[in-house]
Number of protein chains: 2
Amino acid sequence: MVTRKDVAKMAGVSEATVSRVFNNVGPMKESTKQKVLAAAKELNYHPNAVARSFALGKSGHIGLILPYVPKVHLFSTYYFSEILSGIGEGVRRHGCDMLVMFRSPHESVDYTEPYRSRKVDGCIFLGALDVPAQREGFRELDRQGMPFVLINQHYEGETYSVVDADHEQGCYEAVKHLLEGGYRRIAFLNGSPQYSNSADRLRGYYRALNEAGLAPEPELILEGNYSRTSGYAAAARIAELGGRVDAVFSSNDRMAVGLMQGLKERGIVPGEDLAIVGYDDSEAAKLSDPPLTSVYVPFFEMGLLAADALLKRINASPEEDEPPVSFHERLSTKLVVRASSNPRPGA
Amino acid sequence: MVTRKDVAKMAGVSEATVSRVFNNVGPMKESTKQKVLAAAKELNYHPNAVARSFALGKSGHIGLILPYVPKVHLFSTYYFSEILSGIGEGVRRHGCDMLVMFRSPHESVDYTEPYRSRKVDGCIFLGALDVPAQREGFRELDRQGMPFVLINQHYEGETYSVVDADHEQGCYEAVKHLLEGGYRRIAFLNGSPQYSNSADRLRGYYRALNEAGLAPEPELILEGNYSRTSGYAAAARIAELGGRVDAVFSSNDRMAVGLMQGLKERGIVPGEDLAIVGYDDSEAAKLSDPPLTSVYVPFFEMGLLAADALLKRINASPEEDEPPVSFHERLSTKLVVRASSNPRPGA
């Protein structure tokens, strides 16, 4: 944690001077004040949050609950890594640390324990599923007034704090783009249904088809699990469908990249024989061959926003604290067009 | 944390039965025992580590110190994300959590504080630099006998516990591969010199050139900072050097990808006009155009090994504990040849 001492050293002033600047105790030369503020900014020094933590006996930690999946290199997936980078930035700005806890979403876990044992002041949940164990865990946290935020997952009928992206709109635009390119038989490779964003995406897909006067065909809706392997496996099914499919929209880039590999091995050229659109706008989308049209999701900003909102709530002093209300942020996505979805010749 | 209750539920037995299995208290039907052990394995239940933590008043947390670099999405870099995934796996296997702390390597930080306040039982350091603030911090931890491990960084003259990869050999093999392909004027785009692995790499480069009877040319040694931008910037210098360079070896894939982009913009075709070899064997190496020859480094295993070794040391009971000795593991790398370094025509 950055201390008053570090700021004093960098600004070339005494520690007492740093205190005077932050407590607004004059008189003070303006140039000195500016030097201290510049040093504090450079070092990300936040005296108030830190001081308040100590005074209130808080842990100074945010808990970060990640799904434990054996063998998956979780931090290496674009989705988790970007959100984590955003949370890390937010946590650091508030002078906090983060306690990373791997929990299986199917375990019955007492989420209140780390709060009660003063290990964390609040928690952020990533990759939560709509399954009984998690629903019950969140209900208990909510009942006890323990602050937490869900990222990219909402629960029908609950009013928990959530930072989400507008996946329905994101998918709608992706499918509309394919329709405008002259494609009509658009398969949809979705993720697991226990994620609320899978349902959001399906709604966007239906909306775009309906607007174009097309009826969704159940056989064109495939389910993967967001892994590259599941995209690769889907290539077999797409190849079987043959001429009944002229484009595939995939719920993430990872599956799209696996799909393209599987198609190539079957002699089907992505971007020529079949249009492909991915989702997330990861590095892989820019580097793949052909470059992959995708939907940008502001994952970093979602993580930053979640950490910032949670820490503001935790650090609010009782006087200024409104009765805690949950917040629901939904950030916009953006279609990024590349060569994998060039319009149909003659379209 | 997985509890005895979870194991009992999954195995369909009582909690007392689970205890009896783990405390080896008979009599017990073999089939029941196997059911319990299978459930424990499936859930990653480790009764001894957990019980011992409670008994010894430990935190059950491993600290993970990451360099704070404003604006860099640290978790999104292949290097950090893979090591972190490995650490996460190791920590989870021991039933622990990890406290992630972002610290600037140039800050004067008291690394002993999280140990003294029982926030962590040991620390793993990633991205450490050979700068005075960090040297002093490690010396103090060592003096106080507080367990810690450095990943991918060693300090001349110190005997700290380190998990490293054999970067000298990795670079030697990469440059030798280029020499065998008929290349003679091999530029080296290295990372920052404060990382010990930059010096290791340089030694490997020199060794390969010396063996081939070539004298290293100082103007062919460039310095980047492992970012894609710094690789992109190096393209200008490489273009200036013109015919004096026929191949470039880059210290990581990220710089190599930036370099290839910069070269293409100047009409220089990577893999045809100029051979390129990267390092790390990241996803980007497989996806880039042309696919990038690279050096595989077992980052995930390095993280797993560091966490496992650290936690074994922490959890060793006094009876079985040898006087703590530091360990120095150096894992092997492996050259992966792809189209970016096809042999010189006629070589």
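1. A quick word on terms before we start: helices (H or I, at least four residues) and strands (E, at least two) are DSSP runs, numbered from the N terminus. By that count, chain A has 13 helices and 12 strands. This is a predicted model, in which local features need pLDDT of at least 70, side-chain atom pairs count only at pLDDT 80 or more, and totals for chains, interfaces and linings use all residues. Residues are numbered from 1 along each chain as its sequence is written, chains are lettered from A and ligands numbered from 1 in the order in which they are written, and side-chain values use heavy atoms, with hydrogens and water left out.

2. Now for chain A as a whole. Its C-alpha trace spans about 80 × 45 × 40 Å along the principal axes. Of its 347 residues, 56% are buried (under 20% relative accessible area; exposed is over 50% and partly exposed in between, with a 1.4 Å probe and protein chains only). Contact means heavy atoms within 4.5 Å; among contacts in chain A between residues at least 6 apart in sequence, 74% join residues at least 24 apart.

3. How do the two chains relate?

4. Helix α10 of chain B (residues 228-241) deserves a look. Its 14 residues should span 20 Å at 1.5 Å a residue, and the end C-alpha atoms are 20 Å apart, which agrees (the expected span is 1.5 Å times one less than the number of residues). Buried in this helix are B:Ser230, B:Gly231, B:Ala234, B:Ala235, B:Ile238 and B:Leu241. Their cover includes β6 (186-190), β7 (221-223), β8 (247-250) and α11 (253-265) of chain B. Just after the helix, B:Gly242 takes a positive phi of about 55°.

5. With 26% relative accessibility, A:Gln169 counts as partly exposed. The C-alpha atoms of A:Gln169 and A:Leu209 are separated by 13 Å, with the two residues 40 apart along the chain.
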